[in-house]
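I opened my notebook to keep track of what I looked up in this structure. Come along and look with me.

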Amino acid sequence: MLHAPRYEELETPEAGGGQLLAEVLAAGLHPRVRSGAGGTHYTGDGRLPMVPGVDGVGRLPDGRRVYFVAGDDGPGTMAERAVLDPRRAVELPEAADAVAVAAAMNPATSSWVALRRRVDFEPGQSVLVLGATGDAGRLAVEVARHLGASEIVAVGRDPRRLELITGLGATRVVSTADADKLTADVDVVLDYTWGAPAELAMRALVTHRTERSKPLAWVQMGSPAGADVTLPSALLRAANLRIMGSGQGSLTTAGIVAELPALLDELAAGTFGTAAKAIPLAEVEDTWTAPSDPGERIVFTP
Ligand SMILES: NC(=O)c1ccc[n+]([C@@H]2O[C@H](COP(=O)([O-])OP(=O)(O)OC[C@H]3O[C@@H](n4cnc5c(N)ncnc54)[C@H](OP(=O)(O)O)[C@@H]3O)[C@@H](O)[C@H]2O)c1
């Protein structure tokens, strides 16, 4: 049986080999943090005990505030102190709020990096976001608009949250229940669901494509709707479908980090963001299992 992380005293981690010891100011409770702590993330090695947290905002010994991504095998960021590799850290713009940055960077980075690094996306192309009602999906709509997408189709389950997305740049919203009827002629799909919605949407989009040889880049981002899909081979022959993923491993850490300053600037400028709820780290155990408001990212503040 899985247990929530406990708040307890640990030795302060030692910074070695070019690392720095930072005072953690804020660390977001992202799905990636939950899957890492639960032992279900594909990068995990199952070692316990572990300190959860994959990123955060910290203060360096010289006083500078940075957003940083935790190392692959050191302790995580949900602690008073964390070691960081300066190559995985980016200084915060003065105007940036630590909690807002800790909430939004992980979900926003997904689409930002996918559109800028994983596919040859150009302004004027069209994007479909599958699973657009989560934080990452909603931000994907905003990021696609910001990067110049001409048409943005948002597909999601929750009708109330789907409606809100219309005002954020989506040119069309479609219920996930109608994924099998999708006819959009898009260039890029950012897929935050996988599972049945992806199976239905892929078949529909390929079948209704007017120019079958035009590339359709399908970028897999997350799989809350199922770890697997059944992929009929005919779909790969019937259209210029290019299926890839975007995440740790398919991109280098250096490539991801290189994108962070520009994204941080947009977050600090208020171009987009996500609602954040700051909670003292001491309340981690109760907060972990308590129901949370969709659209409000929990951020622990030590
Ligand atoms: N690859 C990357 O770089 C990257 C980065 C960040 C996040 N992600 C992944 O992207 C996914 C979403 O992250 P997030 O931060 O947006 O989380 P979130 O805010 O908690 O949103 C979760 C999303 O998943 C949807 N969902 C959950 N179960 C579903 C199901 N059975 N069928 C269809 N949709 C379902 C939710 O739809 P409703 O709104 O209808 O409940 C919501 O849109 C996660 O898997 C996360 O790990 C990937």
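**Ground rules.** I count two strands as paired if DSSP finds at least two bridges between them. Helices (H or I, at least four residues) and strands (E, at least two) are DSSP runs, numbered from the N terminus. The model is predicted, with local features needing pLDDT of at least 70 and side-chain atom pairs pLDDT 80 or more, while totals for chains, interfaces and linings use all residues. Residues are numbered from 1 along each chain as its sequence is written, and side-chain values use heavy atoms, with hydrogens and water left out.

**Entry: the sheet.** I started with strand 9 (residues 188-191) and strand 10 (residues 216-220), which pair in the parallel sense over four bridges. In this pair I found valine 189 opposite tryptophan 218 of strand 10. Then I traced the whole open sheet: six strands, parallel in their pairing, in the order 8-7-6-9-10-11. At its edges I noted strand 8 (172-175) and strand 11 (241-245), each pairing on one side only. From one strand to the next, the twist averages 15°.

**Entry: helices on the sheet.** Which strands does helix 2 touch? I found helix 2 (residues 98-118) in contact (heavy atoms within 4.5 Å) with strand 6 (126-130), strand 9, strand 10 and strand 11. Its direction makes about 145° with that of strand 9. For such angles, axes are lines fitted to C-alpha atoms, for helices over the stretch in contact, and values run from 0 to 180 degrees between N-to-C directions. Helix 5 (residues 195-207) lies across strand 6, strand 9, strand 10 and strand 11, and runs at about 175° to strand 10.

**Entry: two domains.** I noted domain 1 (20-106 + 252-301) and domain 2 (107-245), with bounds from an automatic or database domain assignment. Their C-alpha centres lie 26 Å apart. Domain 1 brings 20 residues to the contact and domain 2 brings 15 residues.

How much area is buried between domain 1 and domain 2? I wrote down about 1500 Å², with carbon and sulfur atoms giving 56%; this is the accessible area (1.4 Å probe) that two parts lose on being put together, summed over both. Glu259, Leu263 and Phe272 supply 36% of what domain 1 buries against domain 2, more than any other three residues.

**Entry: charged pairs.** I counted three salt bridges between the domains, each a side-chain nitrogen of Lys or Arg within 4 Å of a carboxyl oxygen of Asp or Glu. I also looked up arginine 116 and glutamate 259, whose side chains meet in a salt bridge (2.6 Å, N to O).
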